[in-house]
Amino acid sequence: MRYSREHKQETHDRIVKKASVRLREKGAHGIGVADLMKEAGLTHGGFYAHFDSREALVIEAFAYAMDRSMEHWRKLTGEAAPEKRLALIAESYLSALHRDNPGHGCSIPSLGAEIARESAKTRKAFAGKLDEMIEMMTNYIPNMPRKAARKQAIATLATMAGTMLLARIAGSSELSDEVLKVGRDSALDGAKREPKVAVKKVKQN
């Protein structure tokens, strides 16, 4: 039976969506192609009708996940004042809800360490999405020179992702809650930090 191009695209998108959740839950190598296809309601044999390789699926799946994170941030901050947007993202990111649901959260703490060991092609794709995320956060930092705002965005994202990774290592425990709180306070301090103003030295006569 021949399927329409639209049907094939819908099936392709369903596989990517399912894979993005399972990869974040199980890790880049924690689930096989057969299981991923089963999750999408398809047979293993149909995989190569949609992807050239497992690597191609992994790249699409985490790109999808990163896009969903940024979409969530846009919705979260849509009505907020510019100076409050980064803080809203940090509060939402560094929550118990995000910690306890890695399959629907950010790909960086879920897959970052594994992606760093993957092929150059996979790392390049991940880096591209990471840069998009940094640029988005940079745009949410008003009243600051672009270079300084990007520097702050990187520092805030690194704090957020590192905190989430440590919180998940600690599990749902008092230590995990403590890590989340400290990381959240640090990220919020960074998000609210006023830009440094350069002061020109005046030569005394």
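User: Why is Ala 87 called buried?
Analyst: Ala 87 has 12% relative accessibility, and buried means under 20% relative accessible area (over 50% is exposed, in between is partly exposed; 1.4 Å probe, protein chains only), so Ala 87 counts as buried. This is a predicted model, in which local features need pLDDT of at least 70 and side-chain atom pairs pLDDT 80 or more, while totals for chains, interfaces and linings use all residues. Residues are numbered from 1 along each chain as its sequence is written, and side-chain values use heavy atoms, without hydrogens and water.

User: Where does Ala 87 lie, and how far is Ala 87 from Tyr 140 in space?
Analyst: Ala 87 is in helix 4, helices being DSSP runs of H or I with at least four residues, numbered from the N terminus. From C-alpha to C-alpha, Ala 87 and Tyr 140 are 9.6 Å apart, with a sequence separation of 53 residues.

User: What lines the largest pocket?
Analyst: The largest pocket, with a volume of about 430 Å³, has 21 lining residues, and Ser 69, His 72, His 104, Gly 105 and Cys 106 are the closest to its centre. Helix 3 (54-77) is among the helices that each supply at least two lining residues; helix 3 gives the largest share, six residues. The lining divides into eight nonpolar, 10 polar and three charged residues.

User: What makes the nonpolar surface patch?
Analyst: Leu 165, Leu 166 and Ile 169 make this patch of about 300 Å². Leu 166 belongs to helix 8, residues 146-170.

How values were computed
On a 1 Å grid over the protein atoms alone, a cavity is a set of points where a 1.4 Å probe fits but cannot get out, and a pocket is an open set with protein on both sides within 12 Å along at least five of seven lines; lining residues have an atom within 4 Å of a point. Grid points are joined across faces, edges and corners, and a volume is the space filled by probe spheres set on the points. Ala, Val, Leu, Ile, Met, Phe, Trp, Tyr, Cys and Pro count as nonpolar, Asp, Glu, Lys and Arg as charged, and the others, Gly among them, as polar. Patches are made of residues with over 30% relative accessible area and no salt bridge: like charges are joined within 9 Å, nonpolar side chains (Val, Leu, Ile, Met, Phe, Trp, Tyr) within 5 Å. Accessible areas come from the Shrake-Rupley method with a 1.4 Å probe; for residues, only the protein chains shown count as cover. A salt bridge is a side-chain nitrogen of Lys or Arg within 4 Å of a carboxyl oxygen of Asp or Glu.
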